[in-house]
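Please keep the sequence and the coordinates in view while reading.

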Amino acid sequence: MLPLDELYQEVILDHYKNPKNQGTIENPDYKGHGVNPLCGDDVEIWIKLENGKIKSLKSIGKGCAVSQASLSMMGEALQGKSIEEARQAVEKFKKGMLEGGELHFEEYPDLEALEGVKKFPVRIKCAVLPWNTFLEALESHPSA
Ligand code: ZN
C-alpha cells in the first residue's frame, strides 16, 4: 500500500499525462479562458448544455501538472450537473482548497488527490485556476 502522498501524486500525474475531455466544442453555450502568470498555466474551456445540464465540458490547457490535473478532474466532476449543481461543486472545491475545507466528492473521488497540494501554498492557485475559469465562463457568456 502506497503512502497517501504518493497515491495523491500518482492520481495527479495520471491526469496530467492523460487528460480527460481534451478538445474544443463548436457553438458552446459558455467559453472561458484563464491564465496564471506565476507559473505559465493557461486553460481554455468550452461548455455545452442540454436540458439545463452540462452535456459536455471540453478543455485545452498547458502548464504545470497541478493545474492540468485539476482541469482534467474538473471536467469529469462537473459533467452531467446542472449549472446550479456545478456552481455548488466549484464553491465546495474552492472552500476545500482555500479555506481548509475537505476535498471529498462522492461523485468524483479523484479530487481528493489535490489535498496534497494544500501543503504548497503557491500551487493552490494552480489547482483553483480551472474552477475560477469555469465560473468566469458562466458570467461572460450567459446562455440564451
Ligand atoms: Zn501551475
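Helices α2 and α4 cross in a right-handed sense, that is, the near helix is turned clockwise from the far one by less than a right angle. This is a predicted model, in which local features need pLDDT of at least 70, side-chain atom pairs count only at pLDDT 80 or more, and totals for chains, interfaces and linings use all residues. Residues are numbered from 1 along each chain as its sequence is written, and side-chain values use heavy atoms, with hydrogens and water left out. Helices (H or I, at least four residues) and strands (E, at least two) are DSSP runs, numbered from the N terminus.

The axes of α2 and α4 come within 8 Å and cross at roughly 35 degrees; axes are lines fitted to C-alpha atoms, for helices over the stretch in contact, and angles run from 0 to 180 degrees between N-to-C directions. On the α2 side, the contact (heavy atoms within 4.5 Å) is made by Val66, Ser67, Ser70, Leu71, Met74, Ala77 and Leu78. Helix α4 contributes Arg123, Cys126, Ala127, Pro130, Trp131 and Phe134.

The zinc ion is coordinated by Cys39 (SG), Asp41 (OD), Asp41 (OD), Cys64 (SG) and Cys126 (SG), at 2.1 to 2.7 Å. Donors are N, O and S atoms within 2.8 Å of the metal (3.2 Å for Na, K and Ca); water is not among the atoms, so sites may look incomplete. Because Cys64 lies in the loop between β3 and α2 and Cys126 in helix α4, the pair ties together parts that are 62 residues apart in sequence. Both cysteines, Cys64 and Cys126, are buried, meaning under 20% relative accessible area with a 1.4 Å probe and protein chains only.

The largest nonpolar core has 41 residues, and Leu78, Phe93 and Phe134 have the most contacts inside it. Such a core is a set of buried Ala, Val, Leu, Ile, Met, Phe, Trp, Tyr and Cys residues joined through side-chain atoms within 4.5 Å. Helix α4 gives the most to this core, with 10 residues. Leu78 touches Ile54, Leu57, Ala86, Ala89, Val90, Trp131 and Phe134, leaving aside residues up to four places away in sequence.

Helix α4 also holds Val128, which counts as buried because its relative accessibility is 4%. With residues up to four places away in sequence not counted, Val128 touches Phe93, Lys94, Met97 and Leu98.

Conventions:
Buried < 20%, exposed > 50% of the residue type's maximum accessible area, 1.4 Å probe, protein only.
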